[in-house]
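Here are my notes for you, as numbered points. Keep the viewer open and look up each residue as you go.

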Amino acid sequence: MSDYSVLIAAAGNGTRSGLSYPKTLYPVSGKPILIHLLTLFSSFSGSFSVVVSPKGKNQVNECLQKSNLHPHLITQSSPKGMGDAVLQFIHSPDFYNTKNLILVWGDIPFIQAETVSEMIRIHEIHNNDFTFPTRIVDSAYTYVLRDQQNRLVEVIETRELGIEKPSFGERDIGLFVFKKDLVINMLQKELQSKYGQVSGEHGFLYIIKELILHGAKVEALPIATEKDLISLNYIKDVKDYD
């Protein structure tokens, strides 16, 4: 059994970015974001799966063939949310041979190897069930909430809080590592918080609160760098760093 497999959630079609192709294929420093991610994570695992949309599957496959890379492609039949995208890992050939799953959003091109390495190191030495890096920023699109003893409580999207203008706070970066069986089982349950009140989608971040409530060991690490945070929502988001 492999200690770690990597799942790249790349089913976004790039509509908001004004692209005619999946945004994970947007070139940064001459290479698609997806290729940057596969290259980076090859230092941590030899097992890769990529969640794609039906519309973008052929374009992603063509890109991978040109780069001579061969991750497993898994199709998310419709955009039902990130939790649903993660559940598609069940259809990967690596599913039954994986203990821990590294999950990364497919639109963050500048993740630093040191951040990934430290996340995995802490995950192992603390024997965590779920571990992820965070950073305190001026505009947090997700909020990492802690109690007065600095213990992690939950992570929630600002849109689910009805916040139109994000403000100062601690946020995740779209990178996580967790014990696969525990999280997949939790995602399959019909929990009250499974579907977003605003989006109606099967999200992913709600699982953090549910894991904590069920006694799992979850740790948020304030180790992310400024570059780790950069994601492609709009072209301008990455152009200044290219």
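1. Let's start with the rings: the structure holds 12 aromatic pairs (rings of Phe, Tyr and Trp, the last by its six-membered ring, pair if their centres lie within 6.5 Å; planes under 30 degrees apart are stacked, over 60 edge-to-face, and the rest tilted). Take Trp 105 and Phe 204: their ring centres are 6.2 Å apart and their planes sit at 80°, so this pair is edge-to-face. The pair links distant parts of the chain, since Trp 105 is in strand β6 (residues 98-105) and Phe 204 is in the loop between α5 (180-188) and α6 (206-213), 99 residues apart. Both Trp 105 and Phe 204 are buried (under 20% relative accessible area; exposed is over 50%, partly exposed in between, with a 1.4 Å probe and protein chains only). One aromatic cluster is formed by Trp 105, Phe 130, Phe 132, Phe 176, Phe 178 and Phe 204.

2. A word on where this comes from. The model is predicted: local features need pLDDT of at least 70, side-chain atom pairs count only at pLDDT 80 or more, and totals for chains, interfaces and linings use all residues. Residues are numbered from 1 along each chain as its sequence is written, and side-chain values use heavy atoms, with hydrogens and water left out.

3. Now the overall picture. The protein has seven helices and 12 strands (DSSP runs numbered from the N terminus: helices are H or I with at least four residues, strands are E with at least two). Along the principal axes, the C-alpha atoms fill a box of roughly 50 × 45 × 35 Å. Of the 242 residues, 52% count as buried.

4. What sits inside? The largest nonpolar core has 73 residues, and Phe 41, Phe 130, Phe 132 and Phe 204 have the most contacts inside it (such a core is a set of buried Ala, Val, Leu, Ile, Met, Phe, Trp, Tyr and Cys residues joined through side-chain atoms within 4.5 Å). Helix α1 (residues 33-41) gives this core its largest share, seven residues. Setting aside neighbours within four places in sequence, Phe 41 is in contact with residues including Val 6, Ile 102 and Leu 175 (contact means heavy atoms within 4.5 Å).

5. Is Ile 173 buried or exposed? Ile 173 is buried, at a relative accessible area of 2%. You'll find Ile 173 in the loop between β10 and β11 (175-179). Not counting residues up to four places away in sequence, Ile 173 touches Ile 108, Pro 133, Ala 224, Asp 228 and Leu 229.

6. Two asparagines are worth a click. Asn 127 has a phi near 50°, a positive value in a residue other than glycine. Asn 127 is in the loop between α4 (113-125) and β7 (130-137) and is exposed, with a relative accessible area of 52%. Asn 150 also has a positive phi, about 70°, although it is not a glycine; Asn 150 lies in the loop between β8 (142-146) and β9 (152-157).
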